[in-house]
There are 2 protein chains.
Amino acid sequence: MNYSYVSHLYCPKCENTYSTNEVNQLCECGSPLLVAYKMDDLKNDFKPGMLLERTPDLWRYHELLPVEDQESVVTLGEGMTPLLHLKKAGKEMGIPNLYMKDEGMIPSGSFKSRGAAVGVSKAKELGIEALAMPTNGNAGAAWSLYSAQAGITPTIVMPLDAPEITRKECVAAGADLYLVDGLIGDAGKIVGRMVKDYNIFDASTLKEPYRIEGKKTMGLEIAEQFNWEVPDVILYPTGGGVGLIGIYKALRELQELGWIDENKMPRLVAVQSEGCAPIVRAWNEGKSSAEPWENASTVAFGINVAKALGDFLILDAIKETDGCAISVSDTEILDELKTLAENEGAFVCPEGAAAFTAARKLREQNWIGAQDKVVVLNTGAGIKYPNTIEADAPVLQKDEKIVRN
Amino acid sequence: MNYSYVSHLYCPKCENTYSTNEVNQLCECGSPLLVAYKMDDLKNDFKPGMLLERTPDLWRYHELLPVEDQESVVTLGEGMTPLLHLKKAGKEMGIPNLYMKDEGMIPSGSFKSRGAAVGVSKAKELGIEALAMPTNGNAGAAWSLYSAQAGITPTIVMPLDAPEITRKECVAAGADLYLVDGLIGDAGKIVGRMVKDYNIFDASTLKEPYRIEGKKTMGLEIAEQFNWEVPDVILYPTGGGVGLIGIYKALRELQELGWIDENKMPRLVAVQSEGCAPIVRAWNEGKSSAEPWENASTVAFGINVAKALGDFLILDAIKETDGCAISVSDTEILDELKTLAENEGAFVCPEGAAAFTAARKLREQNWIGAQDKVVVLNTGAGIKYPNTIEADAPVLQKDEKIVRN
């Protein structure tokens with residue numbers, strides 16, 4: 001019984017393999033690398049019943065994670081976020097079996113903490129002492145916080161327009177923070193140059209192979225929370241797309257282990273904003289990779305990614321599951337966010353609201369059926385985005401009274 | 001097997017009893033009311049092993065909660081927050097067995113959601129259609145969100161200085177929000193007048209008897225997470241003190257059920273700010289109730305409560321457990337907050353930082369021993385308090401590069 005059953009890294013494009021015991025970034029061919037596990041051993045040794053007495057965090061799946069020594073684990077208690085049946089919102093949308101996987105209830109208030117927990121833990125295990133990454137804010141915050149616990153020095157570069165709270169998180173954790181007057185792609189170029197100049201580990205999305213393993217735990221949890229019967233549809237707000245790729249990978253692994261039905265996959269939906277929809281465009285044009293989006297801009301800043309390194313993996317996952325890609329407008333996003341708070345008391349992030357709006361639209365188009373079991377990923381807490389809500393309120397003096405109309 | 005084993009309400013001062021099937025506020029004698037359960041039936045019917053297959057939220061303890069019909073439950077997935085062993089921070093403080101119960105990972109990012117979940121669910125069960133409350137921000141936000149799901153109309157009155165994000169949460173949820181140019185006591189007077197004028201339910205701290213039952217689940221969880229062996233010390237940032245009263249109540253109930261050792265209680269510590277320390281003053285003077293604090297002011301806004309209705313219950317809980325009350329300065333709070341983020345990657349709220357500082361001081365005084373198992377309550381997420389951190393960062397142009405010193 002090992003803590004991890006990790007086997008090796010492999011390239012999904014050229015099938016080259018690499019060791020997980022040394023520092024690796026991209027494949028020689030330029031593709032992201034994925035993690036393989038010893039599935040035959042796992043089939044023998046790892047059973048669902050073993051989870052029952054484990055703590056409700058993502059490390060309950062340690063056999064299916066790449067960290068080999070439990071001592072390497074850096075944790076803030078991330079994972080096993082609620083899967084909530086939204087009865088009122090579902091009724092209103094005509095989707096009675098509507099569920100929210102609420103990633104707001106996680107360290108740093110963003111699902112980015114999953115990738116950071118596993119990515120930083122593995123970086124610590126590999127002896128990495130410094131890393132750098134571009135970010136739209138939340139990933140930088142999460143990697144800064146976990147790096148602090150691990151004793152790793154992070155350099156974070158984020159757009160000036162990224163949510164302001166994420167700057168505070170980086171600085172609180174002691175990260176070296178830089179702002180760039182541009183988009184995440186511009187931040188990526190600055191990081192690319194820096195990691196070469198100073199020989200630092202590049203923790204950019206999919207340039208390091210382990211954060212996807214952290215993200216994949218969303219898929220493991222959804223399966224476990226539905227008692228190993230997967231839902232019909234999963235909607236995911238898609239920027240870099242690591243979560244969607246991870247959920248797909250998780251479900252394939254569970255099929256291989258025989259924990260879920262090998263003949264049923266949820267239809268995976270990549271949700272983007274109309275202001276930045278490269279995956280949707282590629283999907284509609286039947287392409288297997290995406291062109292960069294020009295002049296990307298959206299209120300859902302976390303999915304403002306003009307070009308995703310894993311575009312081909314996203315498009316493949318959608319195709320293989322009979323899913324789709326769909327975009328929504330900023331107005332729809334902000335309206336949906338307010339509607340959800342009023343109906344359910346759920347204050348979601350704009351990216352999560354985008355995914356809810358997509359569910360509404362796909363139901364209207366009958367792409368989602370009336371009896372489908374539908375899971376929407378809310379990828380972060382609304383409290384990180386104060387600007388989505390206007391809050392004018394009357395100011396009373398101490399001796400005033402409230403007069404209701 | 002009932003969903004709840006609630007029995008009745010009783011007054012801890014005059015021992016009067018009331019029904020839980022009708023709307024009650026304070027006792028006729030002016031004291032808060034507490035909830036009693038059918039403990040003999042519970043001893044027979046309720047066993048720790050039953051929790052194993054339940055979801056990781058506070059409703060896993062439904063037998064020990066006052067909501068009788070599961071259909072009344074309003075939930076956003078609150079509870080079973082992480083209990084983290086802080087090895088680095090503990091080593092630095094000389095408390096190797098230092099744990100944080102992290103209430104930042106809960107809906108609305110504040111432990112107030114526990115009280116709101118149970119309080120609003122019971123209000124819904126009792127047919128309450130509108131409620132009003134004064135708040136330092138977080139409770140109002142939480143009660144607004146849960147009320148939205150329950151279909152109850154909330155009126156919230158908070159000081160102008162309350163954390164701005166909490167205004168947004170109230171408004172997002174559709175609450176009637178008022179700001180007052182004063183302190184929570186002033187907000188309380190305005191609410192007191194309004195509930196009389198319009199015959200509305202008064203959900204002020206301890207004027208409604210059920211939020212304490214929600215807060216008490218922190219105590220149930222700490223006991224369960226330590227496998228029914230309680231820690232030596234629990235530190236709690238104390239404003240209204242409902243959490244401390246609740247934890248004490250929970251542990252007494254667990255003792256009565258025989259789930260924990262009847263001879264061991266953790267020493268409970270009420271932590272306040274030097275700018276508002278009425279409980280500490282009363283404790284030091286050996287009094288059983290507290291005088292209002294003049295000109296209350298602290299960066300830990302959530303504990304800026306000049307007069308707590310449950311002061312006598314707080315002081316009693318401290319006394320009965322051989323605990324203590326201690327105050328810390330705003331400077332210490334902000335320093336501790338930064339130290340924790342740098343050491344552990346934990347971005348806590350100022351109230352939580354106050355409790356950590358108190359642990360540090362009590363260790364220095366040897367009131368906390370080197371081998372004591374110590375739990376600090378971090379009552380909310382740091383991301384709700386952006387102003388605790390200054391974040392100046394260099395701004396780069398797209399073609400600039402990072403130059404390290």
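Helix axes here are lines fitted to C-alpha atoms over the stretch in contact, and angles run from 0 to 180 degrees between N-to-C directions. Helices (H or I, at least four residues) and strands (E, at least two) are DSSP runs, numbered from the N terminus. The model is predicted: local features need pLDDT of at least 70, side-chain atom pairs count only at pLDDT 80 or more, and totals for chains, interfaces and linings use all residues. Residues are numbered from 1 along each chain as its sequence is written, and chains are lettered from A and ligands numbered from 1 in the order in which they are written.

Within chain A, helix 11 of chain A packs on helix 12 (residues 350-364) of chain A at about 95 degrees, with the axes 8 Å apart. The two helices, helix 11 of chain A and helix 12 of chain A, are therefore roughly perpendicular (65 to 115 degrees). Helix 11 of chain A contributes A:Glu332, A:Ile333, A:Glu336, A:Leu337 and A:Leu340, and helix 12 of chain A contributes A:Pro350, A:Ala353, A:Ala354, A:Phe356 and A:Thr357.

Turning to the two chains, 66 residues of chain A are in contact with 66 residues of chain B, contact meaning that C-beta atoms, placed from the backbone, lie within 7 Å. Helix 5 of chain A gives the most to the side of chain A that touches chain B, with 7 residues. That side divides into 37 nonpolar, 10 polar and 19 charged residues, where Ala, Val, Leu, Ile, Met, Phe, Trp, Tyr, Cys and Pro count as nonpolar, Asp, Glu, Lys and Arg as charged, and the others, Gly among them, as polar.

Chain A can be laid on chain B with an RMSD of 0.0 Å by a turn of 180 degrees and a shift of 0.0 Å along the axis, after least-squares superposition on the C-alpha atoms of residues with pLDDT of at least 70 in both. That is the relation of a two-fold axis. Of the residues of chain A, A:Met105 comes closest to the rotation axis, at 2.3 Å (C-alpha).

A sheet also crosses between the chains: 5 strands form an open sheet in the order 9(A)-6(A)-7(A)-8(A)-14(B), with parallel pairing. Strands pair if DSSP finds at least two bridges between them. Strand 9 (201-202) of chain A and strand 14 of chain B stand at the edges, each with a single partner strand, so one side of each is left without a neighbour in the sheet.

Note on methods. Parallel < 35°, antiparallel > 145°, perpendicular 65-115°, else oblique.
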